[in-house]
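Visitor: I'd like a close look at one part of this model, the aromatic cluster and whatever charged side chains go with it. Could you walk me through that slowly?

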Amino acid sequence: QVQLVESGGGLVQAGGSLRLSCAASGRTFSGDTMGWFRQAPGKEREFVSEINWSGSRTDYADFVKGRFTISRNNAENTLYLQMNSLKPEDTAVYYCAAGRVGDRYDYAYWGQGTQVTVSS
């Protein structure tokens, strides 16, 4: 059974940092694109960042460029999101996804999410 388990969320003050992790099990994703998404209360899920299988290509939503960094460790089957200079508007549930099969939001596997709350 494939599982993606996010961790590292929590409560942080504006300007602070958090590092999210997404541990995959059940199969290896070393050949797949992986990504991070988020969903704030009352809003639709939105794209945050993605990384190709080797880590040679990354993409970010405009609202996180220069603040967030996506990375992966294929040997550990783990995806990361380093979040710096956090803002209250970054408050959301953050989801990792693995195995992109189509457009930006079309992933085969999703985690359950981890809450990130940024206080002002």
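Guide: Let's start with the term we need: rings of Phe, Tyr and Trp (its six-membered ring) pair if their centres lie within 6.5 Å, with planes under 30 degrees apart counting as stacked, over 60 as edge-to-face and the rest as tilted. A word on ground rules too: this is a predicted model, where local features need pLDDT of at least 70 and side-chain atom pairs count only at pLDDT 80 or more, while totals for chains, interfaces and linings use all residues. Residues are numbered from 1 along each chain as its sequence is written, and side-chain values use heavy atoms, leaving out hydrogens and water.

Now the cluster itself: ring pairs link Phe 37, Phe 47, Tyr 105, Tyr 107 and Trp 110. Searching the whole structure turns up six aromatic pairs. Take Phe 37 and Tyr 107: their ring centres are 5.6 Å apart and their planes stand at 80°, so this pair is edge-to-face. Phe 37 belongs to strand E4 (residues 34-39) and Tyr 107 to strand E10 (residues 107-110), so the pair ties together parts that are 70 residues apart in sequence. Strands here (E, at least two residues) are DSSP runs, numbered from the N terminus, as are helices (H or I, at least four).

Phe 37 and Tyr 107 are both buried, where buried means under 20% relative accessible area, exposed over 50%, and partly exposed in between (1.4 Å probe, protein chains only). Next, Tyr 107 also pairs with Trp 110: the centres are 6.0 Å apart and the planes at 70°, so that pair is edge-to-face as well. Tyr 107 has 6% relative accessibility and so counts as buried, whereas Trp 110, at 28%, counts as partly exposed.

For a charge to sit over a ring, NZ of Lys or CZ of Arg must be within 6 Å of the ring centre and within 35 degrees of the ring normal. Arg 45 does this too, with its charged end over the ring of Tyr 95, 3.8 Å from the centre.

Then there are the salt bridges, each a side-chain nitrogen of Lys or Arg within 4 Å of a carboxyl oxygen of Asp or Glu. The whole structure has eight of them. Arg 38 and Glu 46 meet in one, at 2.8 Å from N to O. With 6% relative accessibility Arg 38 counts as buried, while Glu 46, at 29%, is partly exposed. Asp 90 and Arg 67 form another, at 2.7 Å from N to O. Asp 90 sits in the loop between E8 and strand E9 (92-100), and Arg 67 in the loop between strand E6 (58-60) and E7, so this bridge ties together parts that are 23 residues apart in sequence. Both Asp 90 and Arg 67 are buried.

One more salt bridge to look at joins Arg 57 and Glu 50, whose closest N and O atoms are 3.4 Å apart. Arg 57 is partly exposed at 38% relative accessible area, but Glu 50 is buried at 2%.
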